[in-house]
Amino acid sequence: MHKALSQLEHLLPFDQPVNDEHWIETSAVFAETLWGLSSKLLRAATATFPKRIFVESKQEVLVTREPAIVVAEFRLRPQSSYYKKTAQEVPRPENPKGDDATGIQVGLLLCRRHAIRHRLHGPYLSVEFSVWGRRERASFQEFFSGHRRFIERLLNDSGLRFRTSTPFANVDGFRGTNAFRKMDLYFENEFDPEHSFTLERTVDSTGTSEELTQTLASLIALYDCAVGYCNVKKNRDRALDYSTWISSKQSGAKDL
């Protein structure tokens with residue numbers, strides 16, 4: 001992890017412009033790096049998890065053709081059969097004409113150094129769980145209503161941040177950082193025009209792969225249970241498969 005972030009700082013420095021040719025070449029290299037790192041993290045995070053996660057999901061890495069903050073993105077999202085069964089378009093890159101949105105996913109983003117409001121950020125890795133779309137948001141809300149305590153235990157002590165594309169007064173007015181509490185406030189709003197929210201945690205060069213692994217494990221468990229609610233043939237009892245793991249919340253992750 002630290003090697004990848006160091007290389008990113010060296011090959012894509014903040015204070016130098018990046019031409020398209022260098023970007024395409026460099027981002028392709030980091031896409032391979034991210035794939036390898038993500039594979040190791042996944043193995044560590046899901047060692048005791050149900051195998052259906054990978055049967056039902058597709059793993060892919062995306063890069064942009066033009067310079068951006070996100071150099072490469074690994075994501076775990078439903079198989080193409082999910083979109084066909086729910087009458088939705090298969091996302092890109094599998095479908096070149098498809099949308100970027102996957103409905104529901106877990107991602108690991110490799111981000112270069114950038115400035116926001118005169119403050120420098122990165123390079124860093126961001127692990128994220130995202131929901132997009134009317135159908136998926138409604139399904140997750142049903143999951144949230146039925147398994148509040150399970151979700152709260154997943155999100156506690158995870159260092160996650162909850163964010164939405166649309167501002168909500170009750171969410172923005174909450175001064176704390178508790179991701180579960182913000183999600184609870186979010187679902188008090190009956191309508192979200194964007195039908196989307198994200199849970200994220202960033203880890204920079206001062207962090208460890210153990211932190212990434214622990215957060216990734218929590219978000220994959222959340223993803224697996226939410227997919228159970230999103231499927232046409234719903235499975236609402238997947239949280240039971242994590243009862244032992246969530247009680248121990250122990251990680252055997254090593255620095256990668």
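**Figure 1. His195 in the predicted model, a buried residue with a positive phi.** At 12% relative accessibility, below the 20% cut-off, His195 counts as buried. The model shown here and in the other views is predicted. His195 is not a glycine, yet its phi is positive, at about 50°. The residue belongs to the loop between helix H8 (179–186) and S8.

**Figure 2. Ala87 and Pro93 in the loop between helix H4 and S3.** The loop between H4 and S3 contains Ala87, and Pro93 also lies in the loop between helix H4 (80–85) and S3. Although Ala87 is not a glycine, its phi is positive, at about 60°. With 73% relative accessibility, above the 50% cut-off, Ala87 counts as exposed. The peptide bond from Arg92 to Pro93 adopts the cis form, with omega near 5°.

Figure 3. Of the nine residues of strand S8 (residues 196–204), seven are buried, so the strand is largely enclosed by the rest of the structure. Strand S6 (residues 124–132) runs antiparallel to S8 and is joined to it by nine bridges. In this pairing, Tyr124 stands opposite Asp204 of S8. Strand S7 (residues 161–164) is likewise paired with S8 in the antiparallel sense, over four bridges. Here Thr164 has Phe197 of S8 as its bridge partner. In a regular strand, side chains alternate between the two faces of the sheet.

**Figure 4. The largest pocket and its lining.** The largest pocket holds about 970 Å³ of space. It is lined by 43 residues, of which Leu109, Tyr124, Ser126, Glu128 and Glu200 are the closest to its centre. Strands S2 (70–78), S3 (104–111), S4 (114–116), S6, S7 and S8 each contribute at least two residues to the lining. S8 supplies the largest share, eight residues. By class, the lining comprises 15 nonpolar, 16 polar and 12 charged residues.

**Figure 5. The protein chain as context for the close-up views.** The secondary structure of the chain comprises 10 helices and eight strands. The radius of gyration is 18 Å, close to the 18 Å that the globule rule gives for 256 residues, so the chain is as compact as a globular protein of that length. The C-alpha trace spans about 50 × 40 × 40 Å along its principal axes. Buried residues account for 49% of the 256 residues. Among contacts with a separation of 6 or more, 68% join residues 24 or more positions apart.

How values were computed
Residues numbered from 1 in each chain as written. Predicted model: local features only at pLDDT ≥ 70, side-chain atom pairs only at ≥ 80, totals over all residues. Heavy atoms only, no water. Buried < 20%, exposed > 50% of the residue type's maximum accessible area, 1.4 Å probe, protein only. Pairing = 2+ DSSP bridges. 1 Å grid on protein atoms, 1.4 Å probe; cavity = no way out; pocket = protein on both sides within 12 Å on 5 of 7 lines; lining within 4 Å. Points joined across faces, edges and corners; volume = space filled by probe spheres on them. Nonpolar A, V, L, I, M, F, W, Y, C, P; charged D, E, K, R; others polar. Rg over C-alpha atoms; globule rule 2.2 N^0.38 Å. Contact = heavy atoms within 4.5 Å.
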